[in-house]
Amino acid sequence: MFEAFERNFPRDPWGRYKSSAADVPPFPGLREFFEAFGGSSFRGGMYRAIHPADLGGWKERVSLGFPEFEARITCFGYDWLGSVFALDAKRLEGGQPGVVMFEPATGEALEIPANIQTFHNVGLMEFGEAALATSFYDKWAAAGGAKPKYTECVGYRKPLFLGGTDELENLEISDVDVYWHVVGQLIRKTKGLPEGTPVQVRMG
């Protein structure tokens, strides 16, 4: 079902867990995806498949910044920058739930014209640069940047939606839960505010 994805995205030798996907929504291909790849890392941490046991935690993280999606999404993967990919039950692509990408750096939710099968078998090859920032990852790795672990991402010290620069100097390895907790609050609090409005964020 995901043969093209497996050919083009070699699995890393770390971070794979035997997983059961019995409790995931019955969307076409979703259970098969989690059973085959749940908890796995690909291309040196460039892309990760969420472990089914972590689905609730990922929904909470994304919903903090994007509460309007809370009842609609099932997260399935995330990239090295912490951007999360989910299925949106209210939007169909090829008769199946469509993919939406949540970017913590920009504070945006972007619709991707694919479902879970076409996203992995076609989309990541056709628009991998836009979805995974592959060239930026190569620059990070070439400069000695660490490969993020399953619980980590390479986060922006100052998010782009707050005026941060899209440069290596603005990146750092972050705990993905802490990163989304902080940035999610910022996204929620700054929506619709005039530029320069002070915002307070709770760390705990």
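## Two helices side by side

Helix α3 (residues 55–65) packs against helix α7 (residues 176–190) at an angle of about 25 degrees, and their axes are 6 Å apart. Angles here run from 0 to 180 degrees between N-to-C directions, with axes fitted to C-alpha atoms over the stretch in contact. The two helices are therefore roughly parallel to each other; that label covers angles under 35 degrees. Helices are DSSP runs of H or I with at least four residues, strands are E runs of at least two, and both are numbered from the N terminus.

This is a predicted model, so local features need pLDDT of at least 70 and side-chain atom pairs pLDDT 80 or more, while totals for chains, interfaces and linings use all residues. Residues are numbered from 1 along each chain as its sequence is written, and side-chain values use heavy atoms, leaving out hydrogens and water.

Which residues meet? On the α3 side they are W58, R61, V62, S63, L64 and G65, and on the α7 side V176, D177, W180, H181, G184, Q185, I187 and R188 (contact means heavy atoms within 4.5 Å). Of the residues in this contact, six are nonpolar, five polar and three charged.

## Aromatic pairs

The count comes to 21 aromatic pairs, where rings of Phe, Tyr and Trp (its six-membered ring) pair if their centres lie within 6.5 Å. F5 and Y47 have ring centres 6.1 Å apart and planes at 85 degrees, so this pair is edge-to-face, a label for planes over 60 degrees apart. F5 belongs to helix α1 (residues 3–8) and Y47 to strand β2 (residues 47–49), so the pair ties together parts 42 residues apart in sequence. F5 is buried at 0% relative accessibility, and Y47 is buried with a relative accessible area of 0%; buried means under 20% with a 1.4 Å probe, protein chains only.

W80 and Y137 also form an edge-to-face pair, 5.2 Å centre to centre with 80 degrees between the planes. W80 sits in the loop between β3 (73–79) and β4 (84–93), and Y137 in helix α6 (residues 134–142), 57 residues apart. Both W80 and Y137 are buried.

## Charges over rings

The charged end of R43 sits over the ring of F9, 4.0 Å from its centre. For Arg, this requires CZ within 6 Å of the ring centre and within 35 degrees of the ring normal. F9 also belongs to one aromatic cluster, whose members include F5 and Y47.

## A look at Y179

Y179 is found in helix α7 and is buried, with a relative accessible area of 6%. Its contacts include L81, P104, C153 and Y156. The C-alpha atoms of Y179 and C153 are separated by 8.2 Å.

Note on methods
Parallel < 35°, antiparallel > 145°, perpendicular 65-115°, else oblique. Nonpolar A, V, L, I, M, F, W, Y, C, P; charged D, E, K, R; others polar. Phe/Tyr/Trp six-rings, centres within 6.5 Å; stacked < 30°, edge-to-face > 60°. Buried < 20%, exposed > 50% of the residue type's maximum accessible area, 1.4 Å probe, protein only. Lists of a residue's contacts leave out its neighbours within four places in sequence.
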